[in-house]
Amino acid sequence: MRVGVLASGAGTNLQAILDRVHARGGVQVVAVGSDQPGAPALERAARAGIETAEFPAGADRAARDAAIADWLEARGVELVVLAGYMALLDPAFLARFPQRVINVHPALLPAFPGLRAIEQALDYGVKVFGVTVHFVDEGVDTGPVIAQRAVELPDATDPAAVREALRPLEHDLLCEAVELIAAGAVALDPERPRRVVIRR
């Protein structure tokens, strides 16, 4: 399975994929793109010998997303992984990769979607935090859930500390999801299309 990764920042989730999944079990990361010129994620990909490209934000989001889709399709990408990609993708992009775009989110969806999820959770006073990997649809973090994992942090007050605690969960869950999809073990339930079935 040929994988394209989109990332906006440091690329720690990308690095986990490169370290644990890339070139194993038929998974090949073939392209890494970013909306942030010079993003460290691009440097990580380049060091691994993977082709990279920059797609800076501009006035025409649809044109940018079409350019990203063209670039990924030209490289035969079968699964698009959003690994800390902070821009929304327009419906036309998603239509070109149906049920083939996944995202990792630092909350137990459907709770706390969108930006500042950890801060939202802290403001709400939760004691259990978590991570979700889900298919991307046209909403904001509303796609079918593939996997979730939680951790109890009853005394948490600092978003940075929570983020640090969740990072290993993000790495594990995202890599596991890519492996499961590559193995053909993930499907939408035909009777309940928003429910994901995992066949291990």
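Student: Which residues does Asp35 touch, not counting residues up to four places away in sequence?

Tutor: The model is a predicted one. Asp35 lies in the loop between β2 and α2. Leaving out residues up to four places away in sequence, the residues that Asp35 touches are Ala7, Ser8, Phe55, Pro56, Ala57, Arg64, Tyr85 and Ala87.

Student: Asp35 is buried yet has no salt bridge; which side chain of opposite charge is nearest?

Tutor: A salt bridge requires a side-chain nitrogen of Lys or Arg within 4 Å of a carboxyl oxygen of Asp or Glu. For Asp35, the nearest side chain of opposite charge is 4.5 Å away, and no salt bridge is made. That side chain belongs to Arg64.

Student: Which backbone nitrogen does the side chain of Ser34 reach?

Tutor: The distance concerned is 3.0 Å. The nitrogen that the side chain of Ser34 reaches belongs to the backbone of Gln36.

Student: Which element gives the most to the lining of the largest pocket?

Tutor: The largest pocket holds about 940 Å³ of space. Of the 37 residues that line the largest pocket, Gly84, Tyr85, Met86, Val104 and Pro106 are the closest to its centre. At least two lining residues come from each of α1, α4, β5, α5 and α6. The element that gives the most, with four residues, is α6.

Student: Which residues of α1 are buried, and what covers them?

Tutor: The cover of the buried residues of α1 includes β1, β2, α2, β4, β5 and α6. The buried residues in α1 are Asn13, Leu14, Ala16, Ile17 and Leu18.

Student: With which residues is Asp65 in contact, leaving aside its neighbours within four places in sequence?

Tutor: Asp65 has its place in helix α3, residues 61–74. Asp65 is buried, with a relative accessible area of 1%. Leaving aside neighbours within four places in sequence, its contacts are Leu88, Leu89, Asp90 and Phe93.

Student: Where is the cis peptide bond that has omega near 15°?

Tutor: Pro110 has its place in the loop between β5 and α5. The cis bond, with omega near 15°, runs from Leu109 to Pro110.

Student: Phe112 has a positive phi; is Phe112 buried or exposed?

Tutor: Phe112 is found in the loop between β5 and α5, and its phi is near 55°. Because its relative accessible area is 17% and the limit for the term is under 20%, Phe112 is buried.

Student: Is Ala23 buried or exposed?

Tutor: Ala23 lies in the loop between α1 and β2, and its phi, near 65°, is a positive value in a residue other than glycine. Because its relative accessible area is 54% and the limit for the term is over 50%, Ala23 is exposed.

Conventions
Residues are numbered from 1 along each chain as its sequence is written. This is a predicted model: local features need pLDDT of at least 70, side-chain atom pairs count only at pLDDT 80 or more; totals for chains, interfaces and linings use all residues. Side-chain values use heavy atoms; hydrogens and water are left out. A polar contact is a pair of N or O atoms within 3.5 Å; within protein, one must be able to donate a hydrogen and the other to accept it, and residues adjacent in sequence count only if both atoms are side-chain atoms. Buried means under 20% relative accessible area, exposed over 50%, partly exposed in between (1.4 Å probe, protein chains only). Lys and Arg count as positive and Asp and Glu as negative; His and the chain ends are not counted. Contact means heavy atoms within 4.5 Å. On a 1 Å grid over the protein atoms alone, a cavity is a set of points where a 1.4 Å probe fits but cannot get out, and a pocket is an open set with protein on both sides within 12 Å along at least five of seven lines; lining residues have an atom within 4 Å of a point. Grid points are joined across faces, edges and corners, and a volume is the space filled by probe spheres set on the points.
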